[in-house]
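Please read the points alongside the model.

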Amino acid sequence: MSETAKHVVSAPPGSEAGHHASTTKLAVGAIGIVFGDIGTSPLYAFRETFVGAHQLPLDTDHVLGVVSLIFWSMTLVVSIQYVTILMRADNKGQGGSLALVALISSKISGSKYGWVAVLLGVFATALFYGDSMITPAISVLSAVEGLTVVEKSLSPFVIPIAVVLLICLFLLQKRGTAKVGALFAPVMIIYFTVIAFLGISQIIMTPEVLYALNPWYAVKFFITDGFLAFLALGSVVLAVTGSEALYSDMGHFGRGPMRLSWFGFVMPCLLLNYFGQGAMIIGLDSASAAEAIQNPFFFLAPEMWRLPLVILATFATFIASQAVISGAFSITHQAMQMGFIPRLSIRHTSETEGGQIYIPIVNWALMIAVLVLVFTFQNSSNLASAYGIAVTGAVTIDTLLMAVLLVGVWKWKWWYAAPVVILFLIVDGAYFAANLTKVPDGGWFPLLVGAIAFTLLTTWARGRKLMRERMGEVALPMEIFAKSAKNSATRVPGTAIFMASAKGGVPSALLHNIKHNRVLHERVVILTVEIAEIPYVDPDGRCEYHDLGDGFFRAVLHYGFMEETNVPEGLKKMDRCGGEFDMMQTSFFLSRQTLLPSDKPGMPIWREKIFAWMLRNSATAMEFFRLPTNRVVELGSQVRI
């Protein structure tokens, strides 16, 4: 989830030529960002199938079997499941697990099983964080390791160079990628073109590798090798890592341009390279093949061109890692808006584009995790053992959500939906099961990260719900309060806006203010910010208000889960609450709750403590809602959940 879409200039609406020009530009922009992860997989996917934890013989049958598996995996998982089917399941243009969950929830909210879909989506999101830590580490390391193909004596410098590149990558985030983002598409187009031509040069010399287009060679691989072929799936799946990102980034580019990029350029280039790697191994003698399989991607190039290829691949992995980090920021922002993550400090790296964001705590947490992975696993082959399980887990969850989508939202007959779902469950489930064998060798890492993230996300959502319920139990109806308070407190000039999480009852800050200060402003507005289960809200329907009489108003600002909640900006368009809002004559009153341990049967004490810790460390509403710092008053209260 990233920013390249913002660098694409839209064509004038209404003209056919303009529409095609716009689609082409969006397709080019997508190549620069969306396909970086899956595009850098040839650096290690084919290699790991033969030299990984479960090594395969370097003969023609095994090479054809592996290449056939890669081709059909890419066809089934990426082309059919994601690009063809799931890209139709957009939530007002947005894709990804959370957007899919929001879409499903809005359609089956009354179902008693709706919570299962929500939990599945949250777990897929949690697994994404594990994946976003491994992707930069394995991508950059695998590219820099190409130096050892150029000169073996450079081996000791691989980790230091990779670490410097990764640190620079994370330091770059706070400056934003608006300027360098324009270069992403040209670099990735050159990269894909180069790897395609390298593959073609080998296929021409060994055309029999094209037999792998026949799925029989994949089937024969399983018949001949049985369990060893099943274990090989754990490495083959590395060729389709990044498939979920295609769906997640749909909101920035649109399904049409994404499909054009994938089928018209990216997929052919990737397959030509994979087939080229297979052709090279088939065409070499056993000794040369044993040497080349250690890094077949770089051995495709003539010796004099290997160093330029290393540099190009390093740029490509840098861009792929940037896309994953931007995706982590975007997913975190979505989860925050949907109530699964507490408010975090968000900085906008562009004055014109709201989608370009930087979340410091996520950035530094990812950087530390990535560096720990590099120093712990030392090389990309070891990291490959940890890679894949998070991706296959998320893909399998997306398949389960797709089943709910087909039957519950699209209203397919079960006898139409069942064959489709069963096919993908068999394919995705097999990949996930094969990756479970990696758990002792490093697969535990993304699972651990996913479990921690899932615990935090669900604890926050549950604690927030309980806190609102407890506050609602003692809340005084606003209408009654307005009538009783109009004569019991001195009215002073100006406007007071009391931020409230619920649309009913009196905010605790208002009660505390009248209790201690014994004053009320001439205009009192109870303001609630509501996040809808759609990415964007129609600006004409953003503001809602009710006149309660005697200078009291209840107002609601509606935002989509992809939008920035800028309250002062929203208030500029709300002139119906007794007139326009002058920020210099307006005071914002915030409630800040302190949690106290309770014996009430809400959450276990250990989860209450986690929730209290998250609440203490969350960003203030002042920062999150972009309130003017010199116009905010914060009043505290205590809550037992």
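1. Phenylalanine 192 touches Ile31, Phe35, Gly39, Phe265, Val266, Cys269 and Leu270, leaving aside residues up to four places away in sequence; contact means heavy atoms within 4.5 Å. The model is predicted, so local features need pLDDT of at least 70 and side-chain atom pairs pLDDT 80 or more, while totals for chains, interfaces and linings use all residues. Numbering starts from 1 along each chain as its sequence is written, and side-chain values use heavy atoms, without hydrogens and water.

2. Phe192 is also among the members of the largest nonpolar core, of 178 residues, that touch the most other members, together with Phe46, Met74, Trp262 and Val567. Such a core joins buried Ala, Val, Leu, Ile, Met, Phe, Trp, Tyr and Cys residues through side-chain atoms within 4.5 Å; buried means under 20% relative accessible area, exposed over 50% and partly exposed in between (1.4 Å probe, protein chains only). Helix H6 (residues 114-144) gives the most to this core, with 15 residues.

3. A second, separate core has 17 residues, including Met478, Ala496, Phe498 and Val506.

4. Isoleucine 311 lies in helix H17 and counts as partly exposed because its relative accessibility is 44%.

5. The chain contains 27 helices and 8 strands. Of its 641 residues, 56% count as buried. The C-alpha trace spans about 95 × 50 × 50 Å along its principal axes.

Conventions
Helices (H or I, at least four residues) and strands (E, at least two) are DSSP runs, numbered from the N terminus.
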